[in-house]
Amino acid sequence: MAKVTLLAYTPEPEKTVAAAAKLCYSPSSIDTVMEGLTEEKTSSFVHMLAEIGHESPIEHASFTFGLEGVSRSLLAQITRHRIASYSVQSQRYVAEHSFEYVVPPEIEAIPQAREEFLAAMEEDQRHYERLTALLQEKHKARLLQEGKPEKEAERAAQKQAIEDARFVLPNACATKLVCTFNARSLLNFFSHRCCNRAQWEIRDVACQMLALVKEAAPHIFEKAGPPCLRGGCPEGKMSCGKAAEVRRRFGVTP
């Protein structure tokens, strides 16, 4: 199960957004733009932006998450959301001895499938360890021949070895990352990834992220989630056909 942590976010995110919006629509100066922004006026500005579709002020609030227990498969999906920043635990510098992995629930549910999956992970681990050892031996010999001290050669050889040995690691291999989104990008992310048609792992991560930011900025993310919460499903023939069920799950009344 993925673990999602909200590590940091813009202080008073909704007030920051409201101040940006206020500057757009009033003669306020920079020195006074934050003045008079009560909770009521702040929420009014945020709701007005949603109603008129003026989304750029929302970009001034950002949220930083820590993700762990997620697969490299998820990493390939989440980084498609390009208006965000990512820092990922590197397989070039961190050796994957006894690597952890994510087991898909559908595989976990079938004993024979789970057994086959675990056997594949064990085999991948053996290949990784063997490749690392063979490459490290080669690199160390070369580095010693070049005059490197033994300890230095050992460290450099291991780094060079795991850089290539990692190619045998599976998509299931677990990783950790820190990612930062602005609020506008998050709204787009939630529309795509909280949807029933999103892959199960990234959907779980997106829903955890949404729950966390709703606590920090409830007005900004009041209507966040899959598009069917706000109207009809845009997926056409690809729709899951379960809009009513999805609305109930997200606590949206008809």
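In which loop is Ser 98 found? In this predicted model, Ser 98 lies in the loop between strand E3 (84-88) and helix H4 (105-108). Although Ser 98 is not a glycine, its phi is positive, at about 50 degrees. Ser 98 has a relative accessibility of 64% and therefore counts as exposed, the cut-off being over 50%. A second residue of this kind is Glu 12, a non-glycine with a positive phi of about 45 degrees. Glu 12 belongs to the loop between E1 and H1, and because its relative accessibility is 51%, Glu 12 also counts as exposed. Most residues other than glycine have a negative phi.

Helix H1 comprises 13 residues, 13-25. From its first C-alpha to its last, H1 reaches 19 Å, close to the 18 Å expected at 1.5 Å a residue. The buried residues of H1 are Pro 13, Glu 14, Val 17, Ala 18, Ala 19, Ala 20, Ala 21 and Lys 22.

The crossing of H1 past H2 is left-handed. On the H1 side, the contact involves Glu 14, Lys 15, Val 17, Ala 18, Ala 21, Lys 22 and Tyr 25; these meet Thr 42, Phe 45, Val 46, Met 48, Leu 49 and Ile 52 in H2. By class, the contact of H1 with H2 has nine nonpolar, one polar and three charged residues.

A further helix pair consists of H5 (residues 111-145) and H6 (residues 150-165), whose axes come within 7 Å and cross at roughly 140 degrees. H5 and H6 are therefore oblique to each other, since only angles over 145 degrees count as roughly antiparallel. H5 passes H6 in a right-handed crossing. The H5 residues in this contact are Tyr 128, Leu 131, Thr 132, Leu 135, Gln 136, His 139, Lys 140, Arg 142, Leu 143 and Leu 144. Their partners in H6 include Glu 150, Ala 153, Glu 154, Ala 157, Ala 161, Ile 162 and Ala 165. By class, the contact of H5 with H6 comprises eleven nonpolar, five polar and five charged residues.

Terms used
Residues are numbered from 1 along each chain as its sequence is written. This is a predicted model: local features need pLDDT of at least 70, side-chain atom pairs count only at pLDDT 80 or more; totals for chains, interfaces and linings use all residues. Side-chain values use heavy atoms; hydrogens and water are left out. Helices (H or I, at least four residues) and strands (E, at least two) are DSSP runs, numbered from the N terminus. The expected span of a helix is 1.5 Å times one less than its number of residues. Buried means under 20% relative accessible area, exposed over 50%, partly exposed in between (1.4 Å probe, protein chains only). Axes are lines fitted to C-alpha atoms, for helices over the stretch in contact, and angles run from 0 to 180 degrees between N-to-C directions. Angles under 35 degrees count as roughly parallel, over 145 as roughly antiparallel, 65 to 115 as roughly perpendicular and the rest as oblique. A crossing is left-handed if the near helix is turned anticlockwise from the far one by less than a right angle, and right-handed if clockwise. Contact means heavy atoms within 4.5 Å. Ala, Val, Leu, Ile, Met, Phe, Trp, Tyr, Cys and Pro count as nonpolar, Asp, Glu, Lys and Arg as charged, and the others, Gly among them, as polar.
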